Amino acid sequence: MHELSIVTHVAKTLDEIAEENKLTKIGSVTLEVGEVSGIITDYFVDCWNYFKRKHPLLVESELKIEITPAVTFCEDCKREYETVKHGRICPNCGSEHTFLVTGNECTIKEIEAEGGE
């Protein structure tokens with residue numbers, strides 16, 4: 001289960017942001033999680049809820065997750081398509097010269113917090 005290590009990394013980033021901005025409490029964190037990131041969101045929420053009890057800055061925080069659709073770009077026909085529906089092969093021209101544009105990320109989108117200047 002790599003979700004706990006990702007939660008730990010997110011918490012470290014939030015600690016740095018809190019220190020830079022003199023935040024005393026984080027009320028909520030919104031994460032954008034890619035559809036093909038490999039993160040199992042149910043496990044991720046469970047790990048967050050476990051971890052936050054031991055982390056003073058996050059103890060009362062709410063985790064919000066927004067799923068980012070996976071989109072692939074075809075270098076041959078220059079079109080984008082839904083990755084999950086079609087995979088690596090372009091449904092428009094049959095090319096394998098494709099790459100993932102979005103859908104593999106895990107980023108902090110928004111933080112609601114108290115404190116700061």
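Phe-73 has Glu-80 of E4 as its bridge partner. The strands E3 and E4 are antiparallel and are joined by 3 bridges. Helices (H or I, at least four residues) and strands (E, at least two) are DSSP runs, numbered from the N terminus. The model is a predicted one, in which local features need pLDDT of at least 70 and side-chain atom pairs count only at pLDDT 80 or more, while totals for chains, interfaces and linings use all residues. Residues are numbered from 1 along each chain as its sequence is written, and side-chain values use heavy atoms, with hydrogens and water left out.

An open sheet of 3 strands has the order E4-E3-E5, with antiparallel pairing. Its edge strands, E4 and E5, each pair on one side only; two strands pair if DSSP finds at least two bridges between them. On average, neighbouring strands of this sheet are turned by 35 degrees against each other, direction ignored.

Another open sheet is formed by 3 strands in the order E2-E1-E6, and its pairing is mixed. Strand E2 (62–68) and strand E6 (106–115) are at the edges with a single partner strand each, so one side of each has no neighbour in the sheet. The twist from one strand to the next averages 20 degrees.

Strand E1 (residues 23–34) pairs with E6 in the antiparallel sense over 9 bridges. Within E6, Glu-110 is the bridge partner of Thr-30. Helix H2 (residues 41–52) packs on this sheet and touches E1 and E2, where contact means heavy atoms within 4.5 Å. The direction of H2 makes about 160 degrees with that of E2; axes are lines fitted to C-alpha atoms, for helices over the stretch in contact, and angles run from 0 to 180 degrees between N-to-C directions.

## Loop residues with positive phi

Lys-78 is found in the loop between strand E3 (71–74) and strand E4 (80–82). Although Lys-78 is not a glycine, its phi is positive, at about 60 degrees. Lys-78 counts as exposed because its relative accessible area is 57%; buried means under 20%, exposed over 50%, and partly exposed in between (1.4 Å probe, protein chains only).

Lys-22 lies in the loop between helix H1 (3–21) and E1. Its phi is near 55 degrees, again a positive value in a residue other than glycine.

## Leu-100 in strand E5

Leu-100 belongs to strand E5 (residues 98–102). With 35% relative accessibility, Leu-100 counts as partly exposed.
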